[in-house]
Amino acid sequence: MQEEVNQKTVALSIRAAKLSGKVLASAFQKILGDVKKHHQRALTPQGRQSVKKLMNHYGGKSSMPYVGAPKDFDRIAKEFHVDYAFHKVSPGHYLLFFKANQADTVTAAFQKYSDKVLNKNKDHASILGQLRHFTEQIQKKPKEKQHTREAVKEGR
């Protein structure tokens, strides 16, 4: 195993020695371009951020009024990969800032959030209510199985 690793290392060093200056320069430029791209992405925050950071992004911004807890919207906005920020106007009232080119995505996320809020009480049925419903269904079923077992036992 060790010999195989040593052979591959030697083969790699020989291949590297055969590289011309142009090939090596182009490889370094490609690596440098990838590093720059990664660095640029790291500088541009995504998701929820402060209003100041959002305003530093390139492009236009839009806003819409928002009433409710921002954390509820955060869960849904993560699914849609939206860049947005909240500005508190008064208790429970916010302005939702977002990039203008993401207006359709924010609208879709806000629609899903609205559906979730409106159907919140409908989704959750009472556990005790479900338990009572199931016990009523069990009590309504005929107990034929017990009668057939007794008949079989008598036949022996």
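# A guided tour of the predicted chain

The protein chain has 8 helices and 3 strands, where helices (H or I, at least four residues) and strands (E, at least two) are DSSP runs numbered from the N terminus. What you have open is a predicted model, in which local features need pLDDT of at least 70 and side-chain atom pairs count only at pLDDT 80 or more, while totals for chains, interfaces and linings use all residues. Residues are numbered from 1 along each chain as its sequence is written, and side-chain values use heavy atoms, with hydrogens and water left out.

**The whole chain**

Select the protein chain and follow it along the sequence, where the pattern reads α-α-α-β-α-β-β-α-α-α-α. Its accessible surface comes to about 13,300 Å², of which 57% belongs to carbon and sulfur atoms; such areas come from the Shrake-Rupley method with a 1.4 Å probe, and for residues only the protein chains shown count as cover. Of the 156 residues, 16% are buried (buried means under 20% relative accessible area, exposed over 50%, partly exposed in between, with a 1.4 Å probe and protein chains only).

**The nonpolar core**

Next select Tyr66, Phe73, Tyr84, Phe86, Leu96 and Tyr113, which have the most contacts inside the largest nonpolar core, a set of 14 residues. A nonpolar core is a set of buried Ala, Val, Leu, Ile, Met, Phe, Trp, Tyr and Cys residues joined through side-chain atoms within 4.5 Å. Helix H4, strand E2, strand E3 (93–99) and helix H5 (103–118) each supply at least two residues of this core, and the largest share, 4 residues, comes from H5.

Centre the view on Leu96 and, leaving aside residues up to four places away in sequence, you will find that Leu96 touches Ser62, Ser63, Met64, Tyr66, Phe73, Tyr84, Ala85, Phe86 and Val106, a contact being heavy atoms within 4.5 Å.

**The aromatic rings**

Now show the rings of Tyr66, Phe73, Tyr84, Phe86, Tyr94, Phe110 and Tyr113, which form one aromatic cluster. Rings of Phe, Tyr and Trp (its six-membered ring) pair if their centres lie within 6.5 Å, and planes under 30 degrees apart count as stacked, over 60 as edge-to-face and the rest as tilted. By this rule the count comes to 12 aromatic pairs.

One of them is the tilted pair of Tyr66 and Tyr94, at 6.5 Å centre to centre with 55 degrees between the planes. Tyr66 lies in strand E1 (residues 61–67) and Tyr94 in strand E3, so this pair ties together parts that are 28 residues apart in sequence. Tyr66 is buried at 1% relative accessibility, and Tyr94 is buried at 16%.

Because Tyr66 belongs to strand E1 and Tyr113 to helix H5, the pair links parts 47 residues apart in sequence. Tyr113 is buried too, with a relative accessible area of 8%.

**A loop residue**

Finally, select His81, which sits in the loop between helix H4 (70–80) and strand E2 (84–90). Although His81 is not a glycine, its phi is positive, at about 55 degrees. Is His81 buried or exposed? At 65% relative accessibility, His81 counts as exposed.
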